[in-house]
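Subject: Structure handover

Hi,

Here is the structure for you to look through. My notes on it follow below.

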Amino acid sequence: MIERSHHDMGGLPAGKVERNGIDETHDYSLWERRVDAMAVLLQGIKPGTRRLVTVDERRRAIEMLPPQAYDAMSYYERWVISLAETLIQRGILTSEELARKMVEVEGRARR
Amino acid sequence: MLAAKYKVGEKVKVLKAYPLGHIRTPYYIRGCVGEIERVCGAFANPEELAQMRSGLPPLPLYRVRFRQKDVWPDYSGNGADVVEVEIFEHWLDRV
């Protein structure tokens, strides 16, 4: 039996918290902003948009990640994985469509 | 929407259970006794939403206040310190 899921870390020893300087802010890259925007649109948070996925489905997908993958991925990497996983489960995307698009984008980057 | 079963100030015990699925009750608070700080309203059950079901009818959600020294056996801070956790009604039992 799995008593404590890997993501459920509250209360575990974590070492020292490193604080950023007062003027430092998180600097998001363009892809991270896009992932955030996609999540907002798909979750129907913006008025007039339809809810195609729920935050709970996305959380579940993140919680199902193997511990090693969970630790190795950045915040928005986990988000994009959860969006893809949920869209496939919902039948909005197929794995094949995603696979073909990934090959296409990878080819574009190699050129 | 279901009427809230617990009132502000009432003592409740968090279910000490470890089911599968998407659970919003943190591991560290399961089995602890606290008191109702407020009724937050009623919301669709996230455990059901996570499985692509409606989660309806909405379930009452409470903010529950726990004494830190009741949560962490080796807590060395001020005895009056508390931690508040938002917990759905089906995770709570009357003490």
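At what angle do the axes of helix H2 (residues 55-63) and helix H4 (residues 75-90) of chain A cross? They cross at roughly 115°, and the two axes come within 8 Å. That makes H2(A) roughly perpendicular to H4(A), because angles of 65 to 115 degrees count as such. The crossing of these two helices is right-handed.

Please keep in mind that this is a predicted model.

Four residues of H2(A) take part: A:Glu57, A:Arg58, A:Ala61 and A:Ile62. From H4(A), they meet A:Arg78, A:Ile81, A:Ser82, A:Leu83, A:Glu85 and A:Thr86. By class, the residues of this contact are four nonpolar, two polar and four charged.

**Chain A: confidence**

The mean pLDDT of chain A is 91. Of its residues, 97% reach 70 or more. Among the elements of chain A, H2(A) has the highest mean, at 97. The lowest is 94, for helix H5 (residues 95-110) of chain A.

**Where the chains meet**

How many residues of chain A are in contact with chain B? There are 12, and they touch nine residues of chain B. The chain A side of this contact has eight charged residues, three polar and one nonpolar.

**Chain B: the sheet**

Chain B has an open sheet of five strands. The order is S4-S3-S2-S1-S5, and the pairing is antiparallel. Which strands stand at the edges? Strand S4 (82-88) and strand S5 (92-94) of chain B do. Each has a single partner strand, so one side of each is left without a neighbour in the sheet. On average, neighbouring strands of the sheet are turned by 45° against each other, direction ignored.

Here is the sheet pair by pair.

- S1 with S2: strand S1 (residues 11-14) of chain B runs antiparallel to strand S2 (residues 33-43) of chain B, and three bridges join them. B:Val12 has B:Gly34 in S2(B) as its bridge partner.
- S2 with S3: seven bridges pair S2(B) with strand S3 (residues 59-67) of chain B, in the antiparallel sense. B:Glu35 stands opposite B:Arg65 in S3(B). B:Ile36 is opposite B:Val64 in S3(B). B:Phe43 is opposite B:Leu59, also in S3(B).
- S3 with S4: S3(B) and S4(B) run antiparallel and are joined by seven bridges. Here B:Phe66 stands opposite B:Val83 in S4(B).

**Chain B: the loop between H1 and S3**

Where is B:Pro57? The place of B:Pro57 is in the loop between helix H1 (46-49) and S3 of chain B. A cis peptide bond joins B:Leu56 to B:Pro57, with omega about 0°. B:Met52 lies in the loop between H1 and S3 of chain B too. B:Met52 has a positive phi of about 65°, although it is not a glycine.

**Where to look**

For chain A, begin with the H2(A) and H4(A) crossing at roughly 115°. For chain B, begin with the five-stranded open sheet. Then turn to the cis peptide bond between B:Leu56 and B:Pro57.

Best wishes

Terms used: Residues are numbered from 1 along each chain as its sequence is written. Chains are lettered from A and ligands numbered from 1 in the order in which they are written. This is a predicted model: local features need pLDDT of at least 70, side-chain atom pairs count only at pLDDT 80 or more; totals for chains, interfaces and linings use all residues. Axes are lines fitted to C-alpha atoms, for helices over the stretch in contact, and angles run from 0 to 180 degrees between N-to-C directions. Angles under 35 degrees count as roughly parallel, over 145 as roughly antiparallel, 65 to 115 as roughly perpendicular and the rest as oblique. A crossing is left-handed if the near helix is turned anticlockwise from the far one by less than a right angle, and right-handed if clockwise. Two residues are in contact if their C-beta atoms, placed from the backbone, lie within 7 Å. Ala, Val, Leu, Ile, Met, Phe, Trp, Tyr, Cys and Pro count as nonpolar, Asp, Glu, Lys and Arg as charged, and the others, Gly among them, as polar. Two strands pair if DSSP finds at least two bridges between them. pLDDT is the predictor's confidence in each residue, from 0 to 100.
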